[in-house]
Amino acid sequence: MKAKKVPLRMCVGCGEMFDKRTLVRVVKSREGEVSLDLTGKKAGRGAYVCNNPECLKKARKKRAFERAFQMQISEEVFNNMEEEMMNAEK
């Protein structure tokens with residue numbers, strides 16, 4: 001029997017490849033709203049980051065999400081995503 005292929009995605013913070021299910025998806029909706037997608041099922045353009053606030057900070061510093069979504073992202077959105085990620089870990 002053939003082994004099932006595991007989808008890999010790259011973390012925009014550290015640049016390493018991981019199993020898709022271990023990463024957190026950040027999604028840009030059609031309305032241009034950027035948010036965390038902890039379920040991985042929201043509609044829109046997605047970028048992946050490790051489930052680690054440090055990787056989110058690295059991505060923020062490198063402006064990786066702004067490049068991926070081709071738009072400016074406010075500090076408030078990053079702060080909300082960081083807070084949401086911290087609360088999800090608990």
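Here is a short talk about the labels used for this predicted model.

Colleague: Why is R63 called partly exposed?

Modeller: Its relative accessibility is 46%. Partly exposed lies between the buried limit, under 20%, and the exposed limit, over 50%, so R63 at 46% counts as partly exposed. You'll find R63 in the loop between α1 and α2, and its phi is near 60°, a positive value in a residue other than glycine.

Colleague: And what makes Q70 count as exposed?

Modeller: Exposed needs over 50% relative accessible area. Q70 has 73%, so Q70 counts as exposed. Q70 sits in the loop between α2 and α3, with a positive phi near 50°.

Colleague: How do you know that β3 and β5 pair?

Modeller: Pairing takes at least two bridges between the strands. β3 and β5 have six, in the antiparallel sense. As one detail, V27 stands opposite G46 in β5.

Colleague: What makes β4 and β5 the edge strands?

Modeller: The open sheet has three strands in the order β4-β3-β5, with antiparallel pairing. β4 and β5 each pair on one side only, and that makes them the edges. Neighbouring strands here are turned by 30° against each other on average, direction ignored.

Colleague: Which residues have the most contacts inside the largest nonpolar core?

Modeller: They are V26, V49, F65, F69 and M81, in a core of 20 residues. The largest share, four residues, comes from β5. Leaving out residues up to four places away in sequence, V26 touches V49, F65, F69 and M81, among others.

Note on methods. Residues numbered from 1 in each chain as written. Predicted model: local features only at pLDDT ≥ 70, side-chain atom pairs only at ≥ 80, totals over all residues. Heavy atoms only, no water. Core = buried A, V, L, I, M, F, W, Y, C linked by side-chain atoms within 4.5 Å. Buried < 20%, exposed > 50% of the residue type's maximum accessible area, 1.4 Å probe, protein only. Helix = DSSP H or I, 4+ residues; strand = E, 2+ residues; numbered from the N terminus. Contact = heavy atoms within 4.5 Å. Axes fitted to C-alpha atoms, helices over the stretch in contact; angles between N-to-C directions.
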